[in-house]
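Student: Can you walk me through this structure? I'm new to it.

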Protein chains: 2
Amino acid sequence: MVIVGGGFGGLQAALGLKRAPVDVTVLDRYNHHLFQPLLYQVATAVLSPGDISAPIRQVLRGRNTTVLLAEARAVDLGRKVVVCDGGDISYDSLVLATGATHSYFGHPEWARFAPGLKTIDDAREIRERVLLAFEAAEREPDPERQREWLTLVIIGAGPTGVELAGALAYMTRHSLPRDFRRVDTSQARVLLLEGLPRVLNTYPEKLSEKARGDLERLGVEVRTGAMVTGVDDEGVTVGDTRIRARTVLWGAGVAASPLARTLGVPLDKAGRVKVETTLAIPGHENAFVIGDLASLVQDGKPVPGIAPAAMQMGRHVAKNIRHQLAGRPLESFRYHDKGSFAVIGCGSAIGVLFDKVRLSGRPAWLMWLGIHITFLIGFRNKVAVMLEWAYTFLTQRRDVRLITGLHANRLPPIRSASLPGGSEARPEEARMALEHGSEPVHVH
Amino acid sequence: MVIVGGGFGGLQAALGLKRAPVDVTVLDRYNHHLFQPLLYQVATAVLSPGDISAPIRQVLRGRNTTVLLAEARAVDLGRKVVVCDGGDISYDSLVLATGATHSYFGHPEWARFAPGLKTIDDAREIRERVLLAFEAAEREPDPERQREWLTLVIIGAGPTGVELAGALAYMTRHSLPRDFRRVDTSQARVLLLEGLPRVLNTYPEKLSEKARGDLERLGVEVRTGAMVTGVDDEGVTVGDTRIRARTVLWGAGVAASPLARTLGVPLDKAGRVKVETTLAIPGHENAFVIGDLASLVQDGKPVPGIAPAAMQMGRHVAKNIRHQLAGRPLESFRYHDKGSFAVIGCGSAIGVLFDKVRLSGRPAWLMWLGIHITFLIGFRNKVAVMLEWAYTFLTQRRDVRLITGLHANRLPPIRSASLPGGSEARPEEARMALEHGSEPVHVH
């Protein structure tokens, strides 16, 4: 019995089989389970990676489970083997839970300029880019270029894009200003671009409007109906308008993990596997697909690609495998929509409970806090995150501001404007510096 | 007025000038101050990098200080300029506090195989290598190779080497065993190699012996008088004995930062600048050197390259610069040895107070805890570290176990031995697997 993927779905499937009379092997290319809903807070210097991740081995400690650090490259449903780096693993029954990855709408070349947010390294990369932009702005004497460093563009106004935009706006307005001498970070522009007519379009229209209002109050420039046609290292092109920005982040498309394409079974247009109501792959009763990798329509609506759905699927698949072991028939999966929330910023969120109750503002935010603490894995992480939040809420500070790579050489030249007293301009000196920039600039 | 380096010395110098009538520019190639004494706990999965670092800008918030992310490449004492990537910065007075780096005793090629511990990236690299070794061991069916993965060698029994060895021994004995199914991590060998006759040789002989005893009780194999003559990706050579190990860590030599060599002034053999008693560079009353970069002999003994000395030097240099501004003569620096501690493991440390009182075992360990919490910068970090320690002490767990890179392809082939039930050997299947490893191996 093999489970590929240690995310929300895979973990629940493994936990649901803990007492089953079967040997379970869990494969993941990383050694840790990641609580992705809070990843944007790592990217925005609130939390540390360790606060939202847990070693899969530790979570799945138990007799019948073996955890292997391995990357599944393909699945051969005929031979019943998972092809991994380092060897094949054959299975009696299989659960695929490898989730989703970024999609750049057929523009893979954009990835370099606009990182997305799926892994801890993604979050570190985004954190470093954002922090470096302000360091660069502090060094940059040319006002035009400085503006480019102080312009942050987020593409895609789904949950991730909205979270990033809200958090970055808050950071630039409340956390950073007092730390910089030359630049006023509260003047930084945070643009959120969305191709569709509204933000968070999976939510009711009224809530989208509320979300947009809250974003704008936070200082985010929201542009809906804005189709991005180009991304490079100097900015973004939307139709015939050009936005010059040195920091561009990607919160737009998701596509199913490429493993799906190796199955040779029907996929939907997002590349997800069209599964039976039992979550089995059509014609393969012993191979199940769950979470973001599964495409399932229920009551005419697709089951959403969110953590609660993945966890429900994981538990259901565990139950179905226990049925198989006991020679009982498989049951159909039903997604119970307990609700979903999207956070916009400190004190602001939107959400829907049981497909009925609509919440926004502080009540929604408090619900969001509670839900995320509850589902965060591990006592240590719960306590750590609660304290970090309390600290951040009380001090407005963002302390996990790490630039660990050596990037100073990528920053603008050092000129008088970036030196002490530069803010109280010293005309003759500034001119001297701009005329022959290589000249040493005097510091008093 | 320019300060190069935001470590213990540079930060104290800047803080000491906060109210002085002078513009201060602090340059650092990283944006954060790092509390290096606890870096080994990041490398051993106890703490997160954010817990032991603070943004320099935030620490030095204040009117007369400008912080720049910049790497100083050279100093021209004649022209009074610091040559940085991106431009020169001239100064009236200068404080050099760029500290020390690793030294591989003329074998730079060893660095690839035996990373040292100076930066957050170093700590992450060591953490990842150690964790990967156990993942590899879990996958490795060949007992011989498995032993190599389960052998950790630390070169150099100074404070860093001892801290790493003690922490790794504890981790393998108490934190990891229950998480692995095939390998018994408590059988892992942790070797500490030291060329000198004793460990922690800067401490009194009696304390060295105690430390060695404590290390051995923790499960560390201590080999003193062991001169390393070779390091490669498969192990370490000591004279004519060969130690096969896949994980080798460097805690041996330190050398002054290369910036010293650009000054064109007399250096000691560790490459440190021989300074006047005022901490000024001989013949350059306006240029000071402090911390690990400074070489100063007091009462026939060199001032040690430790944080307290660097902080005292920083405060003294600030005072001397205030004197210069007021036209008063410079004062000589005197290092007050309040004591120093080296931690071996949970409940065990050694230390000397005021050059008299000698402590070891639990009392020394408690002192060590108190001192490190006290000097850790920032309320948030103090609380975070105290809680992480309490948690680690109570649960014996190491939770910050992150492998964020994709390394599965570097691990041993997957064979039956690494699959469920592999521990309860299945002879025929194991043979089959070993005969034609590429054959899929059956999982029940």
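Tutor: We'll take helix packing, then aromatic rings. The model is predicted: local features need pLDDT of at least 70, side-chain atom pairs count only at pLDDT 80 or more, while totals for chains, interfaces and linings use all residues. Residues are numbered from 1 along each chain as written, chains are lettered from A and ligands numbered from 1 in written order, and side-chain values use heavy atoms, without hydrogens and water.

Student: How do α10(A) and α10(B) cross, roughly parallel or roughly antiparallel?

Tutor: Roughly antiparallel, because their axes cross at roughly 165°. Both helices span residues 379-395, and the axes come within 11 Å. Axes are lines fitted to C-alpha atoms, for helices over the stretch in contact, and angles run from 0 to 180 degrees between N-to-C directions. Under 35 degrees counts as roughly parallel, over 145 as roughly antiparallel, 65 to 115 as roughly perpendicular, the rest as oblique. Helices are DSSP runs (H or I, at least four residues), numbered from the N terminus.

Student: Which residues of α10(A) and α10(B) meet?

Tutor: From α10(A), A:F379, A:R380, A:L387, A:E388 and A:Y391. From α10(B), B:F379, B:R380, B:L387, B:E388 and B:Y391. Contact means heavy atoms within 4.5 Å. By class, that contact has six nonpolar, no polar and four charged residues. Ala, Val, Leu, Ile, Met, Phe, Trp, Tyr, Cys and Pro count as nonpolar, Asp, Glu, Lys and Arg as charged, and the others, Gly among them, as polar.

Student: Now chain A. Where do α1(A) and α8(A) touch?

Tutor: A:F8, A:G9, A:Q12, A:A13 and A:G16 are the α1(A) side. Among their partners in α8(A) are A:A307, A:M311, A:G314 and A:R322. The contact has seven nonpolar, four polar and two charged residues.

Student: What's the angle between the axes of α1 and α8 in chain A?

Tutor: Roughly 30°, with the axes within 7 Å. The two helices are therefore roughly parallel.

Student: And α1 and α8 in chain B, at what angle do they cross?

Tutor: Roughly 30°, and the axes come within 7 Å. That makes α1(B) roughly parallel to α8(B).

Student: New topic. How many aromatic pairs over all chains?

Tutor: The search finds 12 (ring centres of Phe, Tyr or Trp, its six-membered ring, within 6.5 Å). Ring pairs link A:Y104, A:F105, A:W110 and A:W250 into a cluster.

Student: What lies over the face of A:W149?

Tutor: A:R246, at 4.3 Å from the ring centre. For a charge over a ring, NZ of Lys or CZ of Arg must be within 6 Å of the centre and within 35 degrees of the ring normal.

Student: Which charged end sits over the ring of B:W149?

Tutor: That of B:R246, 4.3 Å from the ring's centre.

Definitions and conventions. Rings of Phe, Tyr and Trp (its six-membered ring) pair if their centres lie within 6.5 Å; planes under 30 degrees apart count as stacked, over 60 as edge-to-face and the rest as tilted.
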